[in-house]
Amino acid sequence: MLYDPCVMREISLQQADLKVERYIGDDLLRILQDLLSNQQQLHQQVKQQVLCSTTDSTLQLERALDVHDSLIEQFKSAALQMRASNFTKLFRQMKALAMDMSRRLDKCLDITLEGSDVVVDVALIEALEGPLAHMVRNAVEYCIESPNERLAAGKIKKGMLTIVATCQRGYVSVEVHDDGVGPAALTSSSDGTVCFPVSGLQCVKHTMKDLHGSFSIEERIQGGSVAKCSLPLPFQFLNGVVFRSGKHHLVIPAEAIERIQPIYPEQRVKMDRCEVLFCHQKTIPFLDLGKIFIESDHIASHPSKAILVKTSTASVALGVNDIHGRYRGALSPMPACCSWHPALSGCVLLSEGMIGFALDLDILASTYHGEA
């Protein structure tokens, strides 16, 4: 059958305008999380069956599970892409807001946008819109000085405003940098606490708390201030290896693991109040996870294996008791009742209903240096 090109073009334009209701995307992601949890349990059951039998039916089951994994990966990609968005539109709105305010206040302003192409869930973009607007208003109205004040202070006539978006370690952050008067623009109450000159910033603080995020204003080293909002990603996925340390099961991202090896007593040496591991004619910072995550100081830890991992700054050796298996699935935010250590970045549901804790390797590395 032949189709009229004009008709096909009209259909194409109509399809391009199709929108998916938000609740449909939410439902898809909830289904995806359930699929990933079920996938993990299936892998555990197949693993146990393979240990007991190597029949053709078992091998066929393994192959079917591999196909199932591939389909879930495709579904995950499609579901996330459906809700993916970047900061381009929001940043354009914030730039227009800042320029409009600067004109009304007779201020000169240069604006730089960084991270506009950072892609996150669209719900996070919407949640950050109001707080970011308050941060921009505060910077332009209270922090950036007038041209005469800036010239009198030895600064250039134009104020500098930078809006930055980043996404790392399970959090999305937006920052507003200015080269104005900095935290001096804030006033202190009689009891010494900091009061925001714009009531909206107090709302930002409460909003971030309600969303399990954070808000702060700090002084920049080069002068001025930086206001920052951070929110945890609502849906995270982890491909990791599960280890046991004491009574806890800990999950380390697979891509960060360089090597797994046994620990011999002569390899562990105390240097400058910190432990190191001699490995391949090198000394590597050593952290006994049992000592870090065991609540009681009276319980001895005897790690038998070292996990050599690569953080953003250096390599670190982590001492664990044994390897429990592999985890591929959803990573949930850490409940407040379980956040007894800052290096615990989230939790996962393992087979047989057990809970595993995902590790933030950068925070672990800072723990080592903090002991020195």
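A residue is called buried here when its relative accessible area is under 20%, and the views below apply that term to a predicted model.

View 1. Strand β10 covers residues 236-245, and because 7 of its 10 residues are buried, the strand is largely enclosed by the rest of the structure. In the protein chain as a whole, which has 372 residues, 41% count as buried.

**View 2. The strands that pair with β10.** Strand β18, made of residues 322-331, pairs with β10 in the antiparallel sense over 9 bridges, and within this pairing Tyr327 of β18 is the bridge partner of Gly240. Strand β11, made of residues 248-253, also runs antiparallel to β10 and is joined to it by 6 bridges, with Val251 of β11 standing opposite Val242. The two strands β10 and β11 form a hairpin in which 2 residues lie between them, and Gly246 in the turn has a positive phi of about 65°.

**View 3. Helix α4 along its length.** Helix α4 comprises the 17 residues 88-104, which at 1.5 Å a residue should span 24 Å, and this agrees with the 25 Å that separates its end C-alpha atoms. After the helix comes Asp106, whose phi is positive, near 55°.

View 4. The buried residues of α4 are Leu90, Phe91, Met94, Leu97, Ala98, Met101 and Ser102. They lie on the same side of α4, because the arc they cover around the axis is only 130°. These buried residues pack against β2 (109-114), α5 (122-143) and β4 (159-168), whereas the face turned away from the buried side carries the exposed residues Lys89, Arg92, Arg103 and Arg104.

**View 5. Confidence along the protein chain.** The mean pLDDT of the protein chain is 79, and 82% of its residues reach 70 or more. Among the elements of the chain, α4 has the highest mean pLDDT, at 95, while strand β6, residues 187-188, has the lowest, at 46. Where pLDDT is low, the predicted coordinates should not be read in detail.

**View 6. The whole protein chain.** The chain contains 9 helices and 20 strands, and it exposes about 20900 Å², of which carbon and sulfur atoms supply 54%. Of the contacts with a separation of 6 or more, 65% are accounted for by residues 24 or more positions apart.

How values were computed: Residues are numbered from 1 along each chain as its sequence is written. This is a predicted model: local features need pLDDT of at least 70, side-chain atom pairs count only at pLDDT 80 or more; totals for chains, interfaces and linings use all residues. Side-chain values use heavy atoms; hydrogens and water are left out. Helices (H or I, at least four residues) and strands (E, at least two) are DSSP runs, numbered from the N terminus. Buried means under 20% relative accessible area, exposed over 50%, partly exposed in between (1.4 Å probe, protein chains only). Contact means heavy atoms within 4.5 Å. Accessible areas come from the Shrake-Rupley method with a 1.4 Å probe; for residues, only the protein chains shown count as cover. The expected span of a helix is 1.5 Å times one less than its number of residues. The arc is that of the directions from the helix axis to the C-beta atoms. pLDDT is the predictor's confidence in each residue, from 0 to 100. Two strands pair if DSSP finds at least two bridges between them.
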